[in-house]
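Student: I have the sequence and the model open side by side, and I'd like to go through a few parts of the fold with you. Could you take my questions as they come?

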Amino acid sequence: MTSASNIYDVIVVGAGVVGPTIATALARQGRRVLIIERDWSTPDRIVGELMQPGGIKALKELGMIKAINNIEAIHVDGYYVKYGDQVVRLDYPDKQDAMKTNSVKSVPDCVFDGNDKMASDYTLSSKDWDEDERVRGVAFHNGEFLMNLRSMVKSEPNVTWVEGTATKILRDEENPSIVTGVEVKQNQAKKTYTAKLTISCDGIYSKFRKELSAENVPIIGSYFVGLKLIDAKLPMVNRGHVILGSHAPILIYQISPHETRILCAYRSTKPPSQTSDELYNYLRDEVLPALPKETQPSFEKALETRKFRAMPNQYLPAVKQGKETKGLVMLGDSLNMRHPLTGGGMTVGLNDSVLLAKLLHPRYIEDFDNHELLGKQLSTFHRKRKNLDAVLNTLSIALYTLFAADRNALLILQRGCFKYFLLGGDCVSGPIGLLSGILPFPMLLFNHFFSVAFYAIYCNFIDRGLIGFPLALLEAFDTIFTAIIVFTPYLWKELVY
């Protein structure tokens, strides 16, 4: 689509998961929107392939739930967690309980003509989905999901889309604190686009996040190595699989009728070398033996192809927006990142789109030139997003640290966490409700995490017995101190900053 004018209400940079959703929502609310993407062809990624129920809820609120249709998506009922020879099944929350605590609330002007209802297709049944007593997640090819989102945003009458690389944020010459648009490189030529509000959704490698703060830099904590399994046999269908042990955690989930994604954590802040046999040997010697027996043959076949892809696991807390830099908003991974172990990235990003679209509705802010009012709405956005953001971000870091345990106190917490799940009842429904994005309550997370810590200490006393009591007592102090260090700094940072 082309336009006679380069002046817009909103410019959205990036058409990943978040960009098309916020662009579509604002366009449906009557804003004139330009969305810029470097490459509109189908991307091939190993991230963003499992969406939690909280993300599904956000798609419904945006009127974009049909983006999961016709891409051979596989519904997800919960998790299968294997720890050594023991197994526990974690079911997603009851639908009625979820509605009581976190009901679907549509974004104004975005839901109409049944666009908040999932359709039936080759792999998904809307009837089964609606009749299920529990909420569901979904797994899919990220690229095909993105193409559905992109088709939706392109079809909006108020949207202009261009293919090009946004190279520079433009600022007002008289008042450099005000962002006025972007410079875009298209076919070797540079073009300027102007807008009252620019929303940067340019992902994990964002070139614009430093516009808010020079210190706004993500921290790489580890890596995931991804492989694609063909016709893999899994212990439980329609579930994410988490494999724990002395090795770093392993995630497995089916993304189409014949394809399954496996992500193997790699304990390093540097990318694994793919030119030597180090990575191959790690996958063969440590990952393969830990997998369920029925899954090993498909993994061996994938391993022999030597087609591995590594991705950094990064953490980036959100910064406040709208004060010093006016007319610029970061959204999605350009604003905020967490460890992908819990699959919460899309859920956070989509819920941010929902919240921002509600706060920027014309009933609250008629013109984005009103920087004072826009700043107030962005302050509200920063505050209100904290509940879900704090839960999913803190949980992702804490669980990875426990599941990738490499010292005694963390191993005690790891064993205690699994045994806590074995208790069932609230010890399962609470944590899985938090993980799924359905229970956005930070204090509930605090309660469960330290319940795990104290239960882990109790279990360690039992395991040590009477003779080992003095050692268990020393380990108790080390364990609770470790739990505090692992958990509270991140929760504090998420809630207070």
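This is a predicted model: local features need pLDDT of at least 70, side-chain atom pairs count only at pLDDT 80 or more; totals for chains, interfaces and linings use all residues.

Student: What does β5 do with β13, parallel or antiparallel?

Tutor: Strand β5, residues 78-83, pairs with β13 in the parallel sense, and six bridges link the two. If you want a place to look in the viewer, find Y79, which stands opposite G240 of β13.

Student: How many bridges join β13 to β14?

Tutor: There are three bridges between β13 and strand β14, residues 250-254, and these two strands run antiparallel. I243 has I250 in β14 as its bridge partner, and the two strands form a hairpin that has five residues between them.

Student: Switching topic: what's the strand order in the open sheet with β3?

Tutor: That open sheet has three strands in the order β3-β7-β4, and the pairing is antiparallel. Its edge strands are β3 (50-51) and β4 (74-76), each of which pairs on one side only.

Student: What holds β3 to β7, in terms of bridges?

Tutor: Two bridges join β3 to strand β7, residues 137-139, with the strands running antiparallel; M51 has V138 in β7 as its bridge partner.

Student: Okay, now D389. Buried or exposed?

Tutor: D389 counts as buried, because its relative accessibility is 3% and the cut-off for buried is under 20%. The residue lies in helix α10, which covers residues 386-403.

Student: Which residues does D389 touch, apart from close sequence neighbours?

Tutor: Leaving aside neighbours within four places in sequence, D389 is in contact with N336, T394 and E494.

Student: Last one: what does UniProt say about residues 9-39?

Tutor: The unreviewed UniProt entry annotates residues 9-39 as "domain: FAD dependent oxidoreductase". In the model, that span is 35% helix and 32% strand, and its end C-alpha atoms lie 23 Å apart.

How values were computed. Residues are numbered from 1 along each chain as its sequence is written. Side-chain values use heavy atoms; hydrogens and water are left out. Helices (H or I, at least four residues) and strands (E, at least two) are DSSP runs, numbered from the N terminus. Buried means under 20% relative accessible area, exposed over 50%, partly exposed in between (1.4 Å probe, protein chains only). Contact means heavy atoms within 4.5 Å. Two strands pair if DSSP finds at least two bridges between them. UniProt positions are given in the numbering used here, feature names are shortened, and annotations may be inferred rather than shown by experiment.
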